[in-house]
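This report goes through selected features of the structure shown below.

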Amino acid sequence: MAVDVPAKARRMPGLAIPHRMRWPLGYTAAAVLVFLAYYYVIPNLGPGGQTFFREWLPLTSVNEALVWVICALGLNIVVGYAGLLDLGFVAFWALGGYTAGWLMSGFFYQVDIHLFGGALGTAPGIHISFWLVLLIGAGFCAVWGVIIGAPTLRLKSDYLALVTLGFGEIIPQVFTNGDNVFGFNLTNGTKGITPVDPIAIGSFTLGPFDLVYKYVVFVLIVVVVVFISLRLREGRLGRAWLAIREDELAASMMGVPLMRTKLSAYAVGAVAGGLAGVAFATHVGGVLPDRFNFSISITLLAMVVLGGMGNVWGVMLGALVLAWVNSTGLPQFGTSFNEQFGTNINFPSYNYLLFGGILVLMMLFRREGILPESRTRLVLHEPSRTDMESLGADMEAPAPELDEEPLLKTTAADEPTVTDETGTGMGEKV
Amino acid sequence: MAATATSVAVPAAIDRKAVIQRYATYVILLGLVVWLSANLINSPSQFFSAGMVGLNLGMLYALIALGYTLVYGIIELINFAHGDLFMLGALFSGFLLTTVMGQEHSDFLGIVLLLVTIVGTMLFCGGINVTLEFVAYRRLRRAPKLAPLITAVGMSFVLQFIGLKWNGSTPKQWPSVLPEGSFGIGDFQVDYSLLAVIGVTVPVLLLLRWVITSTRQGKAMRAVAQDQDAARLMGVNVNRTISFTFLIGGALAGTAGVMYQQVVGTTAYNLGYQLGLIAFVSAVLGGIGNISGAVLGGILIGLIQGFNDGLPYGFGQKWSQSVVFAILILLMVFKPEGLLGRPTTEKV
């Protein structure tokens with residue numbers, strides 16, 4: 001690496017920044033820009049500008065989008081890096097959220113534990129500092145990732161997706177029905193746990209209107225997750241994940257320990273899910289079980305797919321865009337549209353169509369996502385060689401369906417073929 | 001193949017695993033038997049009525065599960081949109097029977113119109129399923145497995161959106177044209193609605209069996225399920241056969257939708273997701289790709305759910321979803337090929 005850095009710097013003479021410092025600097029610049037905008041610029045904009053930002057880009061929806069980014073990056077490790085389709089990722093979010101609910105509120109009034117807490121010293125319940133709870137939540141979720149993963153990771157793609165889906169259904173149901181576990185109130189049932197303590201930094205606590213500082217906190221968590229994602233990916237573990245994603249059998253033959261590697265992907269993904277859960281609990285100020293349903297898992301998946309599986313920046317972009325559309329964009333656009341044209345259309349109800357449509361269209365036309373990772377792009381466009389050969393294709397031409405013989409000439413002439421990106425001489429049938 | 005040194009160790013490892021699995025299965029089955037007999041001794045009439053409800057549900061699950069199993073058997077795709085197709089079928093049948101034909105109570109005409117509705121809904125759902133296959137799945141047939149699965153999830157959301165617009169966000173009540181009440185056999189009461197469900201489901205299943213075993217198209221389906229390429233070489237039109245499979249699967253989901261709408265009487269836009277997943281678990285329980293397995297699995301899951309919801313020693317209704325998924329997870333861990341399925345080996 002030491003040799004590599006000056007070489008890269010030389011190639012771009014305008015930027016004398018070492019390669020590995022580029023993303024932290026760019027990220028910090030963007031984060032500081034947004035912080036300054038919401039701290040200085042927008043409050044001094046005058047009424048018109050303030051209304052615009054309050055309606056279209058309120059800081060609370062930016063914060064929520066950051067929580068989604070944290071979680072989507074976690075799912076990206078599982079799906080994008082290791083290729084394990086997880087349809088129940090919301091379970092980790094929920095587990096993280098409830099960790100915060102248990103450890104940062106007066107819910108367990110039976111005990112009285114204070115640990116650098118932000119709450120009053122006299123309040124009953126467990127009040128542990130937000131920063132400690134972040135660590136505890138991450139660890140708790142990692143343990144659960146291993147518990148869920150250990151028996152199930154032997155399974156192959158479809159079955160794995162189903163089992164994770166099963167866990168993603170069971171865990172929220174446990175929280176919903178957990179108000180009477182053998183007579184013990186564990187989760188307060190459908191009422192959830194509110195309020196959760198505010199974030200405390202030293203003796204300074206963030207109230208409900210200190211959104212700008214909360215933003216800083218969330219940006220810090222995002223940077224931690226991005227750092228973990230990028231560093232792990234370059235290392236030995238990340239390469240093992242990619243190997244498993246591309247060909248499990250070949251990877252195991254080459255000496256990659258399958259179970260351990262898959263479990264670590266699950267655990268690391270779950271850590272991010274746990275961080276997101278704790279952050280979400282403080283963002284909303286409580287945890288409610290019906291916030292953790294299947295559509296969250298699908299939204300996360302749509303974020304990863306839209307942005308580009310495996311690419312951290314793509315996933316971040318996808319998560320920011322979809323979270324904004326979901327929380328602010330669609331309702332706000334609907335309100336404007338209805339005002340403008342005098343209609344009465346319920347735009348937020350269209351998010352089903354939107355997310356379903358995104359998944360379908362992306363899979364049909366751009367499987368690699370908006371900002372694809374180069375490797376994913378190649379793999380997703382490459383049909384398996386045996387499939388092509390068994391169709392009787394010579395490997396140069398797109399393979400026709402043999403039972404469409406009368407159409408063969410015209411289809412071959414009319415249908416465009418994707419240019420060969422794989423370099424293996426196998427074009428794709430469109 | 002394996003070198004001689006390892007060939008000694010491999011059978012021992014497989015044996016130990018198989019033994020553990022076998023004993024785990026025995027323990028689970030024993031627990032099940034103990035649970036059921038405790039309930040039976042406790043209150044036989046409650047046991048019987050819970051069984052009735054379970055059987056009723058199980059018939060519907062079997063119908064939906066068949067759609068999953070047919071599609072999975074032929075192109076190895078978990079068609080997540082199938083449950084939502086069932087939901088649309090339930091909505092369509094209510095629309096057709098109540099709104100278009102105006103039948104709101106049970107009489108002779110009601111039964112005739114119900115049969116018309118069943119045929120109409122079968123065509124409607126079959127048509128949607130074929131369209132889905134044509135629009136989305138066909139192009140992804142040779143793609144990596146992740147792609148069609150995600151597409152199916154997306155399609156499920158699109159269908160849910162249609163259901164949301166059609167049904168509204170709150171559950172909707174429908175009148176039933178099935179005769180109400182029950183008749184007694186000894187101490188036990190049997191609902192007429194159960195008879196209606198059996199009266200519709202069993203002929204449909206027999207028809208399906210006949211189609212698959214005896215017709216030309218059914219033989220083509222079995223051939224394609226076994227080996228697409230060999231079937232193609234033998235002159236089977238693979239694309240048409242797959243479309244036909246989707247048609248049949250959709251028609252079965254439509255039938256289930258009609259019966260659900262008539263028996264339960266409430267539809268909601270997110271109904272398909274819950275029931276579809278349970279039906280999928282049934283298909284997996286029976287051995288996915290196996291047709292009698294899907295029926296068996298559906299009825300078993302229905303019975304388990306009925307017993308769990310209705311019996312004093314059960315977990316109760318609020319846990320029924322968790323119970324079904326716990327069965328799924330246990331099954332996946334111990335016997336992923338299902339009760340009647342054959343274990344598949346990985347092709348290299």
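Where is the place of B:Glu76 in chain B?

## Backbone features

B:Glu76 is in the loop between α3 and α4 (82-100) of chain B. Helices (H or I, at least four residues) and strands (E, at least two) are DSSP runs, numbered from the N terminus. The phi angle of B:Glu76 is near 55°, a positive value in a residue other than glycine. With a relative accessible area of 46%, B:Glu76 is partly exposed; buried means under 20%, exposed over 50%, and partly exposed in between (1.4 Å probe, protein chains only).

In chain A, the loop between α7 (157-176) and β4 (200-201) holds A:Pro195. The peptide bond that leads from A:Thr194 to A:Pro195 is cis, with omega near -10°. A:Asn188 lies in the loop between α7 and β4 of chain A. A:Asn188 is not a glycine, yet has a positive phi of about 65°. The relative accessible area of A:Asn188 is 19%, and this residue is buried.

## Basis of the model

This is a predicted model, in which local features need pLDDT of at least 70 and side-chain atom pairs count only at pLDDT 80 or more, while totals for chains, interfaces and linings use all residues. Residues are numbered from 1 along each chain as its sequence is written, chains are lettered from A and ligands numbered from 1 in the order in which they are written, and side-chain values use heavy atoms, with hydrogens and water left out.

## Helix packing in chain A

Two packed helices are described by the angle between their axes and the distance between the axes. In chain A, helix α4 (residues 59-81) packs with helix α11 (residues 258-284) at an angle of about 165°, the axes being 7 Å apart. Axes are lines fitted to C-alpha atoms, for helices over the stretch in contact, and angles run from 0 to 180 degrees between N-to-C directions. α4(A) and α11(A) are therefore roughly antiparallel (under 35 degrees is roughly parallel, over 145 roughly antiparallel, 65 to 115 roughly perpendicular, and the rest oblique).

Residues of α4(A) in the contact (heavy atoms within 4.5 Å) include A:Val67, A:Ile70 and A:Gly74, and those of α11(A) include A:Ala272, A:Leu275 and A:Phe280. By class, the contact of α4(A) with α11(A) has 13 nonpolar, six polar and one charged residues. Ala, Val, Leu, Ile, Met, Phe, Trp, Tyr, Cys and Pro count as nonpolar, Asp, Glu, Lys and Arg as charged, and the others, Gly among them, as polar.

## Helix packing in chain B

Helix α3 (residues 44-75) and helix α11 (residues 271-286) of chain B pack at about 70°, with axes 8 Å apart. This makes α3(B) roughly perpendicular to α11(B). The contact of α3(B) with α11(B) has ten nonpolar, three polar and no charged residues.

## Salt bridges

Over all chains, the structure holds six salt bridges, each a side-chain nitrogen of Lys or Arg within 4 Å of a carboxyl oxygen of Asp or Glu. A:Glu248 forms one of them with A:Lys262, the closest N and O atoms being 3.2 Å apart. A:Glu248 lies in helix α10 (residues 248-253) and A:Lys262 in helix α11 of chain A, so the pair ties together parts 14 residues apart in sequence. A:Lys262 is buried, at 3% relative accessibility.

A:Arg366 forms a salt bridge with A:Glu368, with 3.7 Å between the closest N and O atoms. A:Arg366 is partly exposed at 35% relative accessible area, and A:Glu368 is buried at 6%. In chain B, a network of salt bridges links B:Glu133, B:Arg138 and B:Arg141.
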